[in-house]
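Colleague: Could you walk me through how to read salt bridges and helix packing here? I'd like the general idea, then the case.

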Amino acid sequence: MPIPKTNEAVNPQADGSGIAELTHDWLHHIGEDPEREGLLKTPQRVEKAWRFLTGGYRQTLEEVAGDAVFAAEGSEMVIVKDIEFYSMCEHHMLPFFGRAHVGYIPSGKILGLSKFARITDLYARRLQVQERLTTQIAEAVQELLDPKGVAVVLEGVHLCMAMRGVEKQNSSTSTSAMRGLFKSDPRTRAEFMSAVQGSFKGR
């Protein structure tokens, strides 16, 4: 499946139905008894959880942003830090989570601050890789506001590394996407990175 444009829903018709039946079979295949008392309602719970965790497939950027784009004067840097995100790795379908930091330099338009969290959730609530998630957030802000620059930094912890494979519980992954002045002007980029640096793990 090709990666959709930032303003498109991937599959608005997908409602998660059928996951309960799949979960029942999955429990059997890993050696469990899906009929034992503790697991009787697990398939239904899993279906409900996955409908929530993958809700981003059924939303568009326009729906998330709503009417929260406003005309405004000024061109001072705006930074929204420490946006918590939770996503599912598309390679192992295990969680990864962390914090997102989003900055932009307005060019006649600003966005309601809560919408940066909603944009992050829009793309996090899909099967993802952190690199793509970072880029999609940046492209969404660029598309909505056409600002002078956009910067997005994500720091995430991946359970596919902590729970299996190399089993490294203290590792984290940082990714960034820079657009406009944040990419072309080192001073602008440095100002943003200095502002968010204290939020990084271990600082």
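Modeller: A salt bridge is a side-chain nitrogen of Lys or Arg within 4 Å of a carboxyl oxygen of Asp or Glu. Side chains of opposite charge can pair when their charged atoms come close. This is a predicted model, where local features need pLDDT of at least 70, side-chain atom pairs count only at pLDDT 80 or more, and totals for chains, interfaces and linings use all residues. Residues are numbered from 1 along each chain as its sequence is written, and side-chain values use heavy atoms, with hydrogens and water left out.

Colleague: How many salt bridges does the structure hold?

Modeller: There are 7. One of them joins E84 and R99, at 3.9 Å from N to O. This pair links distant parts of the chain, 15 residues apart, with E84 in strand β2 and R99 in strand β3 (strands are DSSP runs of E, at least two residues; helices are runs of H or I, at least four; both are numbered from the N terminus).

Colleague: Which residue does D121 pair with?

Modeller: D121 bridges to R125, with the closest N and O atoms 3.6 Å apart. D121 is partly exposed at 23% relative accessibility, and R125 is partly exposed at 26%. Buried means under 20% relative accessible area, exposed over 50%, and partly exposed in between (1.4 Å probe, protein chains only).

Colleague: Which residues of helix α4 are buried?

Modeller: In α4, residues 114–124, they are K115, F116, I119, T120, L122, Y123 and A124. These buried residues pack against α3, β2, β3, β4, β5 and α5, where contact means heavy atoms within 4.5 Å.
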